[in-house]
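I opened this entry to keep track of what I looked up, one topic at a time.

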Amino acid sequence: MVQQMDGSYRGEHIDLAPSIYRQRLVVEGRRDLPIGSLEIQNYLAQLSQVCGMTLLIDPVTHKSERFGWAGWVHWETSGAHFYAWEVPLVFFSVDIYTCLAFDETDVIKFTQNFFDTTHISAKSF
């Protein structure tokens, strides 16, 4: 979207930095068992390897009593966020944003296998 003179937003996204490579993938899934802190940390650490990213810090997690678990990993070329719900259903969402290319199919397959999902969906942009 583009901000107009009147402050409103219209239209399609315009790449304001075409000389900077960016790749984004959101992967969401459902499974039978809830996801906890250690599993999120292990997933994000292994995801780093699958994406070919260099870790700057080990993955971190935090639990909101109201909304569930969240995790984050910082890579030299950006990072990934992870969110896990138990209510109203067991569901997770991973948001990967990088300035270095990675194989989306590898990430989707890895995520599906790691969490033994019953349903998985992905969108890149």
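**Entry 1. Salt bridges**

I began with Arg 24 and Asp 95, whose side chains meet in a salt bridge with an N to O distance of 2.6 Å. Arg 24 sits in strand β3 and Asp 95 in strand β7, so this pair ties together parts that are 71 residues apart in sequence. I noted that the model is a predicted one.

Are the two partners buried or exposed? Arg 24 is partly exposed, at 28% relative accessibility. Asp 95 has 19%, and it counts as buried because the cut-off for that class is under 20%.

I then searched the whole structure and found three salt bridges. One of them joins the side chains of Asp 15 and Arg 22, at 2.7 Å from N to O. Asp 15 is partly exposed at 37% relative accessibility, and Arg 22 is partly exposed at 28%.

Another is between Glu 39 and Arg 31, with the closest N and O atoms 2.9 Å apart. Glu 39 is partly exposed, with a relative accessible area of 23%, whereas Arg 31 counts as buried at 12%. I wrote down the general point beside these: side chains of opposite charge can pair when their charged atoms come close.

**Entry 2. Strand pairing**

β4 and β5 run antiparallel and are joined by five bridges. They form a hairpin with three residues between them. Lys 63 stands opposite Trp 69 of β5.

β5 and β6 run antiparallel as well, with seven bridges joining them. The hairpin that joins β5 to β6 goes through two residues. Trp 72 stands opposite His 81 of β6.

**Entry 3. Val 27 and Thr 111**

I picked Val 27, which lies in strand β3. Val 27 counts as buried, at 0% relative accessibility. What does Val 27 touch, leaving out residues up to four places away in sequence? I listed Phe 92, Ser 93, Val 94, Val 107, Ile 108, Thr 111, Ile 120, Ser 121 and Ala 122. I also took the separation of the C-alpha atoms of Val 27 and Tyr 83, which is 11 Å for residues 56 apart along the chain.

Thr 111, one of the residues that Val 27 touches, lies in helix α2. Thr 111 counts as buried, at 0% relative accessibility. With residues up to four places away in sequence not counted, Thr 111 touches Val 27, Tyr 43, Phe 92, Thr 117 and Ile 120.

I looked up the contacts of Phe 82, not counting residues up to four places away in sequence. Among them are Ile 35, Ile 40, Tyr 43, Leu 44, Trp 69 and Ala 70. Further contacts of Phe 82 include Phe 92, Ser 93, Val 94 and Phe 115.

I finished with the surface, where Leu 56, Ile 57 and Val 60 make a nonpolar patch of about 230 Å². Where is Leu 56? I placed Leu 56 in the loop between α1 (37-51) and β4 (60-64). Leu 56 is partly exposed, with a relative accessible area of 45%.

Methods. Residues numbered from 1 in each chain as written. Predicted model: local features only at pLDDT ≥ 70, side-chain atom pairs only at ≥ 80, totals over all residues. Heavy atoms only, no water. Patch = residues over 30% accessible without salt bridge, like charges linked within 9 Å, V, L, I, M, F, W, Y side chains within 5 Å. Areas by Shrake-Rupley, 256 points an atom, 1.4 Å probe, with all protein chains shown as cover. Salt bridge = Lys/Arg side-chain N within 4 Å of Asp/Glu carboxyl O. Helix = DSSP H or I, 4+ residues; strand = E, 2+ residues; numbered from the N terminus. Buried < 20%, exposed > 50% of the residue type's maximum accessible area, 1.4 Å probe, protein only. Contact = heavy atoms within 4.5 Å. Pairing = 2+ DSSP bridges.
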